[in-house]
Amino acid sequence: MAPILDYPFDTLPPTGETREVAPGVHWIRMPLPFALNHINLWLIEDGGGVVIVDTGYGLEASQDAWDTILAGLGRPVTRIIVTHCHPDHLGLAQWLSEKTGAPVTMTLGEFLGGHALWNQLPGYNTTAMVAQFRQHGLDEARCTALASRGNAYKRGVPSLPASYERVIDGDSLEIGGRSWKVIVGHGHSPEHMSLYCESAGVLISGDMLLPRISTNVSVFAATPDDDPLGRFLDSIRSFKQLPVATLVLPSHGSPFRNIGLRVDQLVEHHDDRCAELLAACSVPRCAGELLATLFPRELDTHQVMFAMGEAIAHLNHLARKWEVCRSVGSDGIVRFIKSHQ
């Protein structure tokens, strides 16, 4: 029989409630206003208090859910950990910090990345993103739709912390008498933090390892020739060192076991995507033309943003491996063609 992922929990926690998934570790599920309609957040018991891991998108419904949960805790929040700067993770961190008095803990890359997006700094703003996508051949109607959204990041992150407690890869956080190791991964965000507790047999993977969907890996306008996919694949391969019985707590989907199998599945998925693109690049092709190759379904504007970033990431990865050549045409469009072997 082929190995499969093991999902030990048959039901989901309702919004505003918690569910214990390991001793002292509790699962929270909150809504998102996208096709991906939920995020998982976590509580870790910390002696007489509790640590929050990720905070949810800046929605009134999420604030109401937090009010219900905090009222039922009967203990203070000692720390707020943010795995990375995307709105569904960082969105309510400052609001929760002000509400509870707890400090925010994150990596430097995520703190600065969040501020770059929130403040629309050069290379991280909507104008730069749309210009990048236009240069990669996205049609004008979709470019206009993206531009008209303005700073969508700020809608999900109403406010940002001005200070934080910094952690780096390899640090250990003592929570409830147990050590949680900081594992920094790359590719999905600048310095994404996962947390591993050997004694509990638990990995809080954030978005680095998801059970049913592949993590978005995108190229930002600030680093147009970057290879985030290469770094992402290197990062997730490191998880194969963890015991097979490790309970993985992902940000989307249900907790699961058999971590090595999921890493292999994701590596194979991206290899297949690269092979599809390579076959399509027998003639010069731009990312905009290749969206349907990677995503053969109707995409809304929000999904187009992720799809374009991911298409460019895969093409850049192929270019980094010298499997395609990149050129800029007289029309200013970036195109890729299969290298002569």
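The structure holds 6 aromatic pairs, where the rings of Phe, Tyr and Trp (its six-membered ring) pair if their centres lie within 6.5 Å; planes under 30 degrees apart count as stacked, over 60 as edge-to-face and the rest as tilted. One of these joins tyrosine 7 and phenylalanine 256, whose ring centres are 6.5 Å apart and whose planes stand at 50 degrees, so the pair is tilted. Tyrosine 7 belongs to the segment before strand S1 (19–22), and phenylalanine 256 to the loop between strand S12 (247–250) and helix H9 (259–280), so the contact ties together parts that are 249 residues apart in sequence. Helices (H or I, at least four residues) and strands (E, at least two) are DSSP runs, numbered from the N terminus. Tyrosine 7 is partly exposed at 21% relative accessibility, whereas phenylalanine 256 is buried at 0%. Here buried means under 20% relative accessible area, exposed over 50%, and partly exposed in between (1.4 Å probe, protein chains only).

This is a predicted model, in which local features need pLDDT of at least 70 and side-chain atom pairs count only at pLDDT 80 or more, while totals for chains, interfaces and linings use all residues. Residues are numbered from 1 along each chain as its sequence is written, and side-chain values use heavy atoms, with hydrogens and water left out.

Aromatic rings also meet in a group: Phe9, Trp27 and Trp42 form one aromatic cluster. Elsewhere, rings face charged side chains. The charged end of lysine 154 sits over the ring of tryptophan 118, at 4.0 Å from its centre. Arginine 273 likewise lies over the face of phenylalanine 295, 5.2 Å from the ring centre. A charge sits over a ring if NZ of Lys or CZ of Arg is within 6 Å of the ring centre and within 35 degrees of the ring normal.

Side chains of opposite charge can pair when their charged atoms come close. The count comes to 11 salt bridges, each being a side-chain nitrogen of Lys or Arg within 4 Å of a carboxyl oxygen of Asp or Glu. Among them is the bridge between lysine 99 and aspartate 67, with the closest N and O atoms 2.9 Å apart. Lysine 99 lies in helix H3 (residues 93–100) and aspartate 67 in helix H1 (residues 60–73), so this bridge ties together parts that are 32 residues apart in sequence. Both partners are partly exposed, lysine 99 at 44% relative accessibility and aspartate 67 at 31%.

A further bridge joins the side chains of arginine 79 and glutamate 165, at 3.0 Å from N to O. This pair links distant parts of the chain, with arginine 79 in strand S5 (residues 77–81) and glutamate 165 in strand S7 (residues 165–166), 86 residues apart. Arginine 79 is buried, with a relative accessible area of 19%, while glutamate 165 is partly exposed at 35%.

Aspartate 225 and arginine 326 also form a salt bridge, their closest N and O atoms being 3.5 Å apart. Aspartate 225 is in the loop between strand S11 (202–206) and helix H8 (228–237), and arginine 326 is in strand S13 (residues 324–328), so the bridge connects parts that are 101 residues apart in sequence. Aspartate 225 is partly exposed at 46% relative accessible area, as is arginine 326 at 36%.

What of the cysteines? The structure holds 0 disulfides, a disulfide being a pair of cysteine sulfur atoms within 2.5 Å. Cysteine 274 is buried, with a relative accessible area of 7%, and cysteine 197 is buried at 0%.

Taken as a whole, the protein chain has 11 helices and 14 strands. Of its 341 residues, 53% are buried. A compact globule with 341 residues would have a radius of gyration near 20 Å, and the protein chain agrees with its 20 Å; the radius is taken over C-alpha atoms, and the globule rule is 2.2 Å times the number of residues to the power 0.38. Along the principal axes, the C-alpha atoms fill a box of roughly 65 × 50 × 35 Å. Among contacts between residues at least 6 apart in sequence, 66% join residues at least 24 apart, contact meaning heavy atoms within 4.5 Å.

Finally, serine 330 is found in the loop between S13 and strand S14 (334–338), and is exposed at 89% relative accessible area. Its C-alpha atom is separated by 56 Å from that of isoleucine 44, 286 residues apart along the chain.
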